[in-house]
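Please examine the sequence and the structure shown here before reading the explanation.

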Amino acid sequence: MINMFVNIGLAHFLVLSLILYLTGLFGVLISRNMLRTVMSLFIMSVSAVINFAAFGYYCDKSMENANMISVFILILTVIQTIIALVILYKIYQANENLDAEKIKDKES
Amino acid sequence: MVTNLIYFYFLFFATICCALGVIFAPVMYLSALALFLFICFSGFIYLYLNSVYLFVFQFILCGVFLSSYIFLLIKKIGKINQQLRLAPVSKIIVSSVFLALFGLLFVLYFTQEIDNSLYSFFNTVAEKSFVSVNFKHYLYPLSLVGVFVLVSASVLRVFLDTSQNVQQPKESGESKL
């Protein structure tokens, strides 16, 4: 039982990745502020990158393939976050608010 | 050995705490600050996994540019001290149950499959792939991707600005009628 916590391996990083993914998903589900929703999406993407990096370290000896995929995911994540932030800014200019429920009420 | 262990568990809990801080922070700037710390700590996890390139990429792209962009955005819209509220309690409970079920399913799958198919699948891929990518050769195209990102973001901004300017005269015309 103690060995499970002492010998750090792939499983530890997968568990970390799972917890981060669930935390991000929880943030997406419960937050009303849209900016925080975007941040939660970013956390989910980073958890995927940690997953790939861990598999690369423990399974791929050269590490280059895993690094390539991880950097690719990271760049895509930054692109999606920046585009989402630009759209959020425009939503704010139109509604003077970033609260999803208030905007929904205003539209209905 | 012990230092390594302490370092790993420190990073483990620090990353999770920062992620929780992003979601449960009461004020907007604390949430953004927690995101910046999350980026830093997850970068150190990459360093722990010997992925120096990833650490540098994440720190420059996310830590420097994305975090400062978020801070500037919050400051520009004047919501730096805005109180953040969560969804109603019923929604939080339903989300928690959903996430617990999702986590349980994942753990069951993980314990059954990691020793059999999933782990061996990744091992086979790693053993059979004779072509390994030289990362340094891809730095130039990746920097091009970065330039394309900036260009596309500015084009999108101009496009959205123009579309809003077109909409405003229409609305004012309708109100006169």
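The paragraphs below treat a helix pair, a chain interface and the confidence of the model.

This is a predicted model, in which local features need pLDDT of at least 70 and side-chain atom pairs count only at pLDDT 80 or more, while totals for chains, interfaces and linings use all residues. Residues are numbered from 1 along each chain as its sequence is written, and chains are lettered from A and ligands numbered from 1 in the order in which they are written.

In chain A, helix H2 (residues 10-30) packs with helix H3 (residues 34-59) at an angle of about 165°, their axes being 8 Å apart. H2(A) is therefore roughly antiparallel to H3(A) (the term applies to angles over 145 degrees). Helices here are DSSP runs (H or I, at least four residues), numbered from the N terminus. Residues of H2(A), including A:Phe13, A:Leu20 and A:Val28, meet residues of H3(A), among them A:Ser40, A:Ser47 and A:Ile50; contact requires C-beta atoms, placed from the backbone, within 7 Å.

Between the chains, 51 residues of chain A are in contact with 58 residues of chain B. H2, H3 and helix H4 (64-95) of chain A each supply at least two residues of the side touching chain B, and H4(A) gives the most, with 18 residues.

Confidence is expressed as pLDDT, which runs from 0 to 100 for each residue. Chain B has a mean pLDDT of 78, with 70% of its residues at 70 or more. Within chain B, confidence is highest in helix H2 (residues 28-48), at a mean of 93, and lowest in helix H5 (residues 139-176), at 64. Where pLDDT is low, the predicted coordinates should not be read in detail. The model scores ipTM 0.92 and pTM 0.79.

Key
Axes fitted to C-alpha atoms, helices over the stretch in contact; angles between N-to-C directions. Parallel < 35°, antiparallel > 145°, perpendicular 65-115°, else oblique. Contact = placed C-beta atoms within 7 Å. pLDDT = per-residue confidence, 0-100.
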